[in-house]
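Try each task before you read its solution.

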Amino acid sequence: MNRHRLRKKLPLLGVLAWLAALLAGYVVGLAWFQAQIYPQYSFADLIVPRLIDATIVSWLIYFCSSIGSFLNVVAWRLPRGESIGGRSRCPRCACTLNSRDNVPVLGWISLGGRCRFCSLPISRRYPIVEALVGISLTVVGVCEIYSLSLPGQIMHWHGGPLWAPHVTPILLGILTYHAVLLSTLWGMALIRIDGARLPNGLTVFAALAAIVPMLAFPTLMIVPWQTTRPSLWSPHGLYFDAVMRVVTALVAAALFGRVLAKGLCPSADLKLNPLGSGTARLVDLIVMLSIPAILIGWQSMPALVIASAILAFLTRPLLNWIPINDGPKGQIAARGAMESFSFALPLATTLHLALWRMLWSDPYWPSDQSSRNVIIAAAAGVLLVPLFLRQRVAVAGPTPVAQDDADPQPAITESTAIESAGDSADELPQDHGDGESDHGDHRGQHSPGA
């Protein structure tokens, strides 16, 4: 019996051993290497700074992957009109999950991808999303805590072996603001890659979280709204500039969304068909583009859109590894260019926030530091995106429905019909985060990605 339990724990023990070796290698290896380069410092002097690094990264990964666990719940429940509160439990046997089973990624590995009580499979979507969101937010957190990424930030010296984070209340406020909006963008992406509309509640939350803090604390602007950076410009106390920053960002999001609609939402028509599915997709696209536009400013949005389009093409295989959540009535959406772009947008935003200072300093990257011609050229490049990132309109057909659904609904989708690499037919979606799913029995229903 003990041997059987040990065999089941081998994957978890292997991962823990690998993580411990990685952290130990960073602390000891980098301290030793720096001691050779800087003989004025002893190996013992450099152990503590590297331990601080390892502690910060470890805590960020755990906390940020927990946000990813919660976003799994958000992506499953909000499109179905369910509450995101409550404890996690298995949707099949209704047993409340143990706290240790909710540890991001490691809990799934410990369980062998199956419920502890009924032994039914838990979708691999959960650990994949937890890891992606955890790494994304951790990268941004480390870059901002160590004063590596924010443009115009007063740098503290951290080029030597004793470098350490320099945290201030203003920096913590900026980091929290960025983390909340990036998490919200990830939540929207997880909903959109399943072909579901963005819930009104999530859209309202995103608007309040993005606009209100910036209007109240203009320091969050980081960069101005003007095309060219004014001399000796500082965001502190510039409330009118904050209003203009938000307005110009929203206008840019609407403009670029309309340009991308030619490829991602070809049937969108705000005038003749305002309630159509294509128009709904366009509205969702503009809402998602508004978040990075407010975060980084309208000047850099053309480059971010192009980068997202390139990432959409490159990460398409990775996206197909994330099983598809079926719809409230058993509808299963195929994934196409719109879904790929929605998935790539938070990835591109993560990279921009992490490399912001370096990109901002580059005269060939559109920003308030570059020339107007660079911004115009990048904006013209966005016009080319619909030429290679296009959504095919599929013929409406019958939609897979649950066995107890007596009224099948036709599937109207603009997605390219693709075969998604999903879970086996008996693999059911299950809350594996900080919420509770109670979506009932799925017997006879197509499982995600099947």
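**Exercise 1.** Classify arginine 50 and aspartate 53 as buried or exposed, then find what joins them.

Solution. Step one: both arginine 50 and aspartate 53 are buried. Buried means under 20% relative accessible area, exposed over 50%, and partly exposed in between (1.4 Å probe, protein chains only). Step two: their side chains meet in a salt bridge, 2.8 Å from N to O. A salt bridge is a side-chain nitrogen of Lys or Arg within 4 Å of a carboxyl oxygen of Asp or Glu. Step three: the two residues are three apart in helix α2 (residues 43-77), so about one helical turn separates them. Helices are DSSP runs (H or I, at least four residues), as are strands (E, at least two), numbered from the N terminus.

A note on the source: this is a predicted model, where local features need pLDDT of at least 70, side-chain atom pairs count only at pLDDT 80 or more, and totals for chains, interfaces and linings use all residues. Residues are numbered from 1 along each chain as its sequence is written, and side-chain values use heavy atoms, leaving out hydrogens and water.

**Exercise 2.** Find which parts the salt bridge between glutamate 339 and arginine 192 ties together.

Solution. Step one: the N to O distance in this salt bridge is 3.9 Å. Step two: glutamate 339 lies in helix α11 (residues 337-354) and arginine 192 in helix α5 (residues 169-192), so the pair ties together parts 147 residues apart in sequence. Step three: glutamate 339 and arginine 192 are both buried.
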